[in-house]
Amino acid sequence: MVPNKLVSLLFISIAVVLPLQAARHAAAALPPGNTVAQWNAIAESTVVGSGAFQTEGFVYMAYTSTAVYNAVVAIEGQYAPVDSTIAGPAGASVDCAVVEAAYQTLRYYFLSFPVLIANLDANRAEALSPSNLNGCTADGGAGTGVGTAAASEVIYNRSTGPNPDGRITPIGVTSPFPTLPPGPGVWRLTPTFAPPQTPWVGNVRPFLLQSLDQLLSDPPPSLQSDEWVEAFNEIKAYGGTTSSVRSDEETRVAKFWSANVVRQYNRLGRDIAGERGLDLLETARLLAMVDLVGADALMACLHAKYHYLFWRPVTAIDPSAVTTDGFGPVPGYDDANPSTIEETGWRPLLTTPNHPEYPAAHGAITSAMAEVFSNFLGTNHVGLDVHGFDPARPAGNLDAVRHFDMPNDLRHEIIDARLWAGLHYPFSSVAGVVLGRNVAKYDLKHAFQRCAATADSSRDARFCR
């Protein structure tokens, strides 16, 4: 928590704040939607624009969504905040609080990116322009003060206070991790042989979980098991670049799910907010659920990946697909199972991400998001339209759309999609799906709950205290 003295000083400043003048920057068109949706889209663009990997990207999204959610709840009440003690004065502008909470949080974490900071400054200037929030002076600066306090609290709790969360910089950096003796089943670097992707993410303090190993997946199957043989043969047949059994539609589905999940699921949250006309409070709650649960699910998954260090399909199917990587001999090992047949030159449809196999991260995040949207909507009949990659369009697009009636429809497809992509054995995706759902169920049980009804409608009652 931010020291009480700091919070007091922040709110003293609200009372004496001078009229806020928007800085003069080049005009920036704000994204569509209400103020929470706008700044979620700005946060997404900032995080993705920094080059953050998807797992660490969700960590940065969670910082921003926590600050925004806490700022809104500090004024509106109704729901319990996340690790927060701030409370907003009556009449404080929620819109102004949202702008400042997001802006200050993003500016702190991306200060080393001048172009991104210039974009943020321009977005804030446009938000405060006369045609929008007109300087945020109508409430005497109260909303701006709440947003500043919310951002400062997140930064203190996660980064500058006595208990930093373990985030490592710069963006995209690798880190040391415990290794296993080389041998069959042990992870090796895969083509294109990039350094291990952000092992440190698996040790960051979670946002809502008690620890990242509290829901640890069971170990992968033995290399002498029937389950292993079946998985090996299935992905060898369906997941290769030149597979003769994978259909054109299965190929399109595999490529659809190569989209950036930070963009996919935050966009889906904004789409739901817009379609259903959610107010600022409910939009902030939904997007905080997306980003905090998403961060916890991916951090727990990365923790398990670097715990088990299980090998990827390309390494198992083609032991020659290793290089001098410091993790074992060249060529690599076969599985010593007479029921499997390796294939020199086998490569997956999609490039293998540079982190271990088990459990599957796409399984974890997709399953967690299926639980989030089902929980928020209060039904299993979710009717989700998810945007993904269209291989006929430019790189990085989200132009394709797939519809899912039920949460488990989404889960089943991601298991198949990662098989067809040649990236994950089915058992890895199943383990990821189970992990993601378990993380989401825990997180949603312990956060974002409506305040208990009381006879007292005062601030204390509204803020669950």
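In the predicted model, helix 14 is followed by Phe 448, a residue whose phi is positive, near 65°. Helix 14 itself comprises 21 residues, numbered 426–446. From its first C-alpha to its last it reaches 31 Å, close to the 30 Å expected at 1.5 Å a residue. The buried residues of helix 5 include Leu 116, Ile 117, Leu 120 and Asp 121. Arg 124 is also one of the buried residues of this helix. Helix 2 (35–49) and helix 4 are among the elements that cover the buried residues of helix 5.

Positive phi values also occur at Asp 83 and Leu 309. Asp 83, which is not a glycine, has a phi of about 50° and lies in the loop between helix 3 and helix 4. For Leu 309, likewise a residue other than glycine, phi is near 50°; this residue is found in the loop between helix 10 and helix 11. As for accessibility, Asp 83 is partly exposed, with a relative accessible area of 39%, whereas Leu 309 is buried, with a relative accessible area of 3%. The latter value falls under the 20% that limits the buried class.

Two cis peptide bonds may be described next. The bond from Thr 169 to Pro 170 is cis, with omega near 0°, and Pro 170 lies in the loop between helix 6 and helix 7. The bond from Val 330 to Pro 331 is also cis, with omega near -5°. Pro 331 is placed in the loop between helix 11 (313–317) and helix 12.

The loop between helix 6 (142–160) and helix 7 (226–238) also contains Leu 189. Leu 189 counts as buried because its relative accessibility is 8%, and buried means under 20%. When residues up to four places away in sequence are not counted, Leu 189 touches Ala 194, Pro 196, Ala 321, Val 322, Asp 325 and Phe 327. The C-alpha atoms of Leu 189 and Gly 326 are separated by 9.2 Å, although these residues are 137 residues apart along the chain.

The structure holds one disulfide, formed by Cys 96 and Cys 136, with their sulfur atoms 2.0 Å apart. The link of Cys 96 and Cys 136 is left-handed, with -100° about the S-S bond. Both partners count as buried, Cys 96 at 4% relative accessibility and Cys 136 at 2%. Another cysteine, Cys 301, counts as buried at 0% relative accessibility.

The largest pocket has a volume of about 600 Å³. It is lined by 30 residues, of which Gln 54, Ser 258, Ala 259, Pro 353 and His 362 are the closest to its centre. Helix 3 (54–76), helix 9 (261–275), helix 10 (280–308) and helix 12 (361–377) each supply at least two residues of this lining. The largest share, three residues, comes from helix 12. By class, the lining of the largest pocket has 13 nonpolar, 13 polar and four charged residues.

The second largest pocket has a volume of about 170 Å³ and is lined by 15 residues. Nearest its centre lie Ser 217, Asp 218, Tyr 358, Ala 431 and Val 434. Helix 14 provides the largest share of the lining of the second largest pocket, six residues. This lining divides into 11 nonpolar, two polar and two charged residues.

Rolling a probe the size of a water molecule over the atoms shows where empty space is left. The count comes to one cavity of 30 Å³ or more, and the largest cavity has a volume of about 80 Å³. Among the residues that line the largest cavity are Val 36, Trp 39, Met 61, Tyr 69, Ala 102 and Leu 287. Helix 2, helix 3 and helix 10 each supply at least two residues of the lining, and helix 3 gives the most, with five. By class, the lining of the largest cavity has nine nonpolar, three polar and no charged residues.

Methods:
Residues are numbered from 1 along each chain as its sequence is written. This is a predicted model: local features need pLDDT of at least 70, side-chain atom pairs count only at pLDDT 80 or more; totals for chains, interfaces and linings use all residues. Side-chain values use heavy atoms; hydrogens and water are left out. Helices (H or I, at least four residues) and strands (E, at least two) are DSSP runs, numbered from the N terminus. The expected span of a helix is 1.5 Å times one less than its number of residues. On a 1 Å grid over the protein atoms alone, a cavity is a set of points where a 1.4 Å probe fits but cannot get out, and a pocket is an open set with protein on both sides within 12 Å along at least five of seven lines; lining residues have an atom within 4 Å of a point. Grid points are joined across faces, edges and corners, and a volume is the space filled by probe spheres set on the points. Ala, Val, Leu, Ile, Met, Phe, Trp, Tyr, Cys and Pro count as nonpolar, Asp, Glu, Lys and Arg as charged, and the others, Gly among them, as polar. Buried means under 20% relative accessible area, exposed over 50%, partly exposed in between (1.4 Å probe, protein chains only). Contact means heavy atoms within 4.5 Å. A disulfide is a pair of cysteine sulfur atoms within 2.5 Å.
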